[in-house]
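This report reviews confidence, aromatic pairing and charge pairing in one protein model. Please keep the sequence and the coordinates in view while reading.

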Amino acid sequence: RLGPGRRQQALARAMPLVALLVFPLAVGLGLEAHAVVATFFNARWQAMAPLLTVLAAAGVVYPMGSAVMAYLKATGRPRAVLTFLVSHMALLLLLVVSLGRLGLTWAALSPGLAGGSFALLALVYVGRVDGVPVMEALGGLARVLLACAGMAAAVLAFRYLRGSDPTHHSIGPLAAEVAVGAVTYVATAFLVAPGQVADLFTSLARLRESRRRTKAGVSEASA
């Protein structure tokens with residue numbers, strides 16, 4: 001178990017690790033929203049693509065707030081968790097009501113705006129109250145976003161060179177763009193976020209070792 005002094009550092013390192021896995025999925029889905037709709041649905045569903053793009057952006061911010069909530073629960077502060085969750089829900093409802101008057105796509109921005117505000121305020125709170133190294137966490141997140149920007153640039157460049165229209169995609173071009181994005185993201189992540197990539201591999205190795213020991217213990221107990 002982590003001591004009180006190490007939990008803050010663990011949170012600051014965990015957030016970029018989550019981002020390494022979640023950010024490219026969210027950014028990639030937003031980038032390929034029109035292509036996904038065109039590939040798997042007919043023309044009547046094309047209006048869904050902008051909503052999918054906007055909602056995918058919310059996937060970038062929500063895991064960050066969830067990580068802070070998990071930290072607050074682990075440190076025994078249910079009142080703070082309840083306060084943040086109620087405030088988040090109130091802000092989300094307010095944004096839906098206000099932005100919804102401008103149209104459905106604007107209303108779809110509400111989860112991302114509310115989730116982003118919720119995550120940022122929660123991170124600032126634990127930074128001031130517990131001394132969590134906020135700048136370290138934000139720096140790691142920025143590096144992951146930079147890798148995602150490289151991925152997006154590569155996909156858009158590939159699409160431009162092919163002269164393809166994402167609203168008239170088929171499974172072949174979509175798969176090619178996904179492959180280009182995946183390869184570019186992995187390569188860029190190694191370049192701009194080597195520390196976060198190393199932490200991810202270390203965490204996976206520890207998880208594998210923990211599972212191996214658990215299986216070995218179960219086998220010995222049953223024998």
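Which side chain meets that of R77 in a salt bridge? The partner is D130, and the N to O distance is 2.3 Å.

## Confidence of the model

The structure is a predicted model. The protein has an average pLDDT of 85, and 94% of the residues score at least 70. Among the elements of the protein, helix α7 (residues 171-192) has the highest confidence, at a mean of 92, and helix α8 (residues 194-222) has the lowest, at a mean of 78.

Where pLDDT is low, the predicted coordinates should not be read in detail.

## Salt bridges

The structure holds four salt bridges. One of them joins R13 and D199, whose side chains meet at 2.5 Å, N to O. This pair links distant parts of the chain, since R13 belongs to helix α1 (residues 4-31) and D199 to helix α8, 186 residues apart. R13 counts as partly exposed, with a relative accessibility of 40%.

The bridge between R77 and D130, at 2.3 Å from N to O, likewise links distant parts of the chain. R77 is placed in the loop between α3 (48-74) and α4, while D130 is in helix α5, 53 residues apart. Because its relative accessibility is 19% and the limit for a buried residue is under 20%, R77 counts as buried.

E177 lies in helix α7 and R159 in helix α6 (residues 134-162), so the pair ties together parts that are 18 residues apart in sequence.

## Aromatic pairs

A pair of aromatic rings is described by the distance of the centres and the angle of the planes. A search of the whole structure finds four aromatic pairs. One of these is formed by F41 and W45, a tilted pair with 5.8 Å centre to centre and 45° between the planes. F41 counts as partly exposed at 38% relative accessibility, and W45 counts as partly exposed at 42%.

F84 and F118 form an edge-to-face pair, with 6.4 Å centre to centre and 70° between the planes. F84 lies in helix α4 and F118 in helix α5 (residues 104-130), so this pair ties together parts that are 34 residues apart in sequence. F84 counts as buried at 16% relative accessibility, and F118 is buried with a relative accessible area of 8%. F84 and F118 form one aromatic cluster together with Y125.

## The setting of H88

Is H88 buried or exposed? H88 is buried, with a relative accessible area of 12%. H88 lies in helix α4 (residues 78-99).

Leaving aside neighbours within four places in sequence, H88 is in contact with Y62, A114, G115 and F118. One of these contacts, F118, is itself buried and is part of the aromatic cluster with F84 and Y125.

Notes
Residues numbered from 1 in each chain as written. Predicted model: local features only at pLDDT ≥ 70, side-chain atom pairs only at ≥ 80, totals over all residues. Heavy atoms only, no water. pLDDT = per-residue confidence, 0-100. Helix = DSSP H or I, 4+ residues; strand = E, 2+ residues; numbered from the N terminus. Buried < 20%, exposed > 50% of the residue type's maximum accessible area, 1.4 Å probe, protein only. Contact = heavy atoms within 4.5 Å. Phe/Tyr/Trp six-rings, centres within 6.5 Å; stacked < 30°, edge-to-face > 60°.
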